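Please look over the model shown here. A short report on its fold, cores and backbone follows.

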Amino acid sequence: MCFSAIRNLLCLVSVFWTTCFFAHAQTNIPALKKQLAIVKTDSSRSRLLLKLGIEYEQLNSDSCLYFLDQSLQVAQHSRDTFAVVRAMFRMAYTFLYITRDESNALKWLNRGVAIAKKADDNLHLSKCYHLLTAISIHQNTGNALELAHRALNYATKSNDWGVVAESYGFIGDVNMRTQNYKEAEKYFRQSMLIYEKHDLDSWFTHGIDYADLLQKMGKNAQAMAVYRKLAMVEHKLPRAKGAWIYLNDAARVETMLRNYTEAERLLLSGVEAEHKKSKPDSLHLYYFYQNLTNLYVEQGTFKKAYEGEIKFNEIKLWLQQKRQIGDSKLQMTQLKASLDLEKKENQIAFLAEQKRKQQILLIGAVVVAGLLVGFLVILQRNKKRIERQKTELTVLNHTKDKLFAILSHDLRSPVAGLKNYLMLIQWGALSQAEFADSAQTLAVQLNNVHTMLDNVLNWSVSQMRGIHPNMEKVNILPIIEDEIEVMLPIGEAKNIQIINKINAEVRLLTDKNHLAVIVRNLLQNALKFSSPGSKITFTYFEKDKHSHIVVQDTGVGMTPEQLTQLFNPSKTTSKIGTAREKGTGLGLVLVKELVEANQGTIQVTGELSKGTAVTLRFKAAA
């Protein structure tokens with residue numbers, strides 16, 4: 001059924017359960033109790049106790065919960081996890097739909113889910129998630145659609161076609177509630193395909209609701225096609241759910257096909273059959289007159305619609321009055337029982353009052369103690385948090401002071417050099433050859449300053465707003481070649497050979513802009529600490545479903561102590577390169593943050609005077 005139909009049905013069941021199920025329970029309960037007296041195995045006892053609990057659902061909720069609890073205890077004694085979860089699920093169902101106690105329903109569902117997961121009981125896991133979906137919808141909390149999909153996942157693993165079909169219907173209901181009709185249509189269709197193979201009656205009922213959905217979507221032609229298909233198989237239905245369900249469903253189909261005479265005949269035959277019974281079922285008559293009224297309104301015969309509405313309201317009012325009478329009788333029974341207990345209650349009233357006062361004093365003492373303990377815990381936590389913040393602020397302040405010191409020192413020389421060169425050019429004191437040499441040196445210095453400022457800017461942005469990569473499949477060869485081309489003048493000036501052994505087909509899952517900054521910093525670092533005649537090599541390999549990029553140089557290398565301090569911004573220092581190049585010491589810190597933001601890792605190995613190798617490890621692109 002669609003969501004609105006399910007909601008309406010539940011409301012009606014809650015109003016009329018005494019009338020609908022009393023006769024059925026009267027005949028089944030004695031038989032079940034006789035069977036319970038003769039069975040010997042725990043599994044049979046647990047199953048019969050569960051059935052008794054279900055029979056009492058509509059008669060007496062206390063008796064229902066008692067028998068369900070007995071079923072659970074027997075199952076726990078025999079360590080039958082399937083029966084344990086089955087009883088817990090039914091307890092949750094009773095609390096949710098009978099006593100309307102959602103907190104207790106959630107408690108039993110959580111316990112049942114925990115045990116079912118350990119036992120791989122996918123059938124009851126799916127059923128439990130159905131109830132969790134209903135609670136999520138009712139309380140408007142959590143993600144009902146996600147819960148419904150979990151129910152479907154477990155239902156599929158259970159290989160139980162009934163719960164699978166029900167799960168598809170649940171997802172369709174949730175999408176109907178959010179007016180996501182396209183998704184609802186898809187899942188209702190899946191549910192119908194399963195019911196068509198196994199349960200033709202359910203397929204017929206769900207088909208009507210599916211056609212109603214198509215009409216809401218404006219697909220009237222498709223809806224009418226479904227109604228016609230339903231009408232064609234109407235005579236083949238097993239009618240296992242009862243004649244009254246069949247007659248109402250068939251009448252709905254005929255009404256939508258505008259076969260008003262046939263629809264009226266079906267509904268009137270149902271009314272006539274009910275009146276011939278010694279005890280007509282009021283709920284059946286309720287639905288027959290409701291559908292007759294809707295039929296007459298659709299047909300435009302408003303006089304008959306008015307008469308049907310009168311009978312419909314009479315039955316509705318009678319059922320409400322009957323329930324009120326039943327509630328009054330129950331209240332009188334409870335009152336009599338309370339009067340019988342009044343004498344005993346008076347005898348223990350004094351002791352109960354004394355006990356209550358003692359409990360109040362004890363609770364007060366516990367509350368005061370709890371508040372004191374809580375206050376001490378909060379005080380201690382705040383103290384630790386303040387100490388931690390103080391340490392972090394000290395580190396950040398130290399890093400800031402160090403960064404300003406590096407910038408003021410390392411920027412002064414190249415800027416002063418640029419000023420001097422410009423003054424010499426302005427005075428005409430440089431020859432053409434001297435000007436060419438000076439321009440090359442100045443270009444190298446300006447490139448270092450540019451990279452230095454770029455690293456400081458990128459690192460500052462990462463500290464203030466964080467790094468948010470745009471992950472995509474990237475061909476890395478053009479990125480590396482572009483960075484090599486930018487750095488090539490520096491390499492030629494220092495007579496350093498840059499070799500790229502990476503193939504054109506290599507692709508990574510990363511942010512291409514971040515990868516460019518990473519390669520640029522690693523290449524400039526390698527050039528900075530390589531002597532004339534050295535080599536810098538880019539290589540690539542795959543291992544353990546990950547891609548690895550290696551940047552290796554034959555430069556000055558590093559000591560073990562330097563390797564441990566590479567990525568600590570508060571302890572890094574700007575080292576002078578082989579050609580007196582300067583920097584901030586933030587390049588590798590920035591590289592590490594960018595690599596980790598792109599779900600990668602970085603490893604640096606090296607030995608003094610033997611060069612350095614930097615290995616980047618990323619997820620391989622499919």
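Among contacts in the protein chain between residues at least 6 apart in sequence, what percentage join residues at least 24 apart? The figure is 64%, where contact means heavy atoms within 4.5 Å.

This is a predicted model, in which local features need pLDDT of at least 70 and side-chain atom pairs count only at pLDDT 80 or more, while totals for chains, interfaces and linings use all residues. Residues are numbered from 1 along each chain as its sequence is written, and side-chain values use heavy atoms, with hydrogens and water left out.

**Overall**

The protein chain holds 21 helices and seven strands. Both are DSSP runs numbered from the N terminus: helices are H or I with at least four residues, strands are E with at least two. Of the 622 residues, 39% count as buried. Buried means under 20% relative accessible area, exposed over 50%, and partly exposed in between, with a 1.4 Å probe and protein chains only.

**Helix 14 and the cores**

Helix 14 covers residues 282-299. Its 18 residues reach 25 Å from first C-alpha to last, close to the 26 Å expected at 1.5 Å a residue. That expected span is 1.5 Å times one less than the number of residues. Helix 14 is mostly covered, with 13 of its 18 residues buried. G300 follows helix 14, and its phi is positive, near 90°.

The largest nonpolar core has 54 residues. Such a core is a set of buried Ala, Val, Leu, Ile, Met, Phe, Trp, Tyr and Cys residues joined through side-chain atoms within 4.5 Å. W203, F204, L230 and L292 touch the most other members. Helix 14 supplies the largest share of this core, nine residues. Another core, of 40 residues, lies apart from it; L36, L52, L96 and L131 are among its members.

What does W203 contact, leaving aside its neighbours within four places in sequence? The partners are M192, Y195, E196, K229, L230 and V233.

**Helices 2 and 3**

Helix 2 (residues 42-56) and helix 3 (residues 61-77) have axes that come within 7 Å and cross at roughly 165°. Axes are lines fitted to C-alpha atoms, for helices over the stretch in contact, and angles run from 0 to 180 degrees between N-to-C directions. Helix 2 and helix 3 are therefore roughly antiparallel, a term for angles over 145 degrees. Residues of helix 2 including L49, L52 and Y56 take part in the meeting with helix 3. On the helix 3 side, F67, L68 and V74 are among the residues involved.

Most residues other than glycine have a negative phi.

**Other sites**

In helix 21 (residues 587-597), the buried residues include L588, V589, L590 and V591. Q599 follows helix 21 with a positive phi, near 65°.

R150 lies in helix 7 (residues 144-158). Is R150 exposed or partly exposed? R150 counts as partly exposed, at 36% relative accessibility. The C-alpha atoms of R150 and H130 are separated by 9.0 Å, and the two residues are 20 apart along the chain.

Terms used:
Angles under 35 degrees count as roughly parallel, over 145 as roughly antiparallel, 65 to 115 as roughly perpendicular and the rest as oblique.
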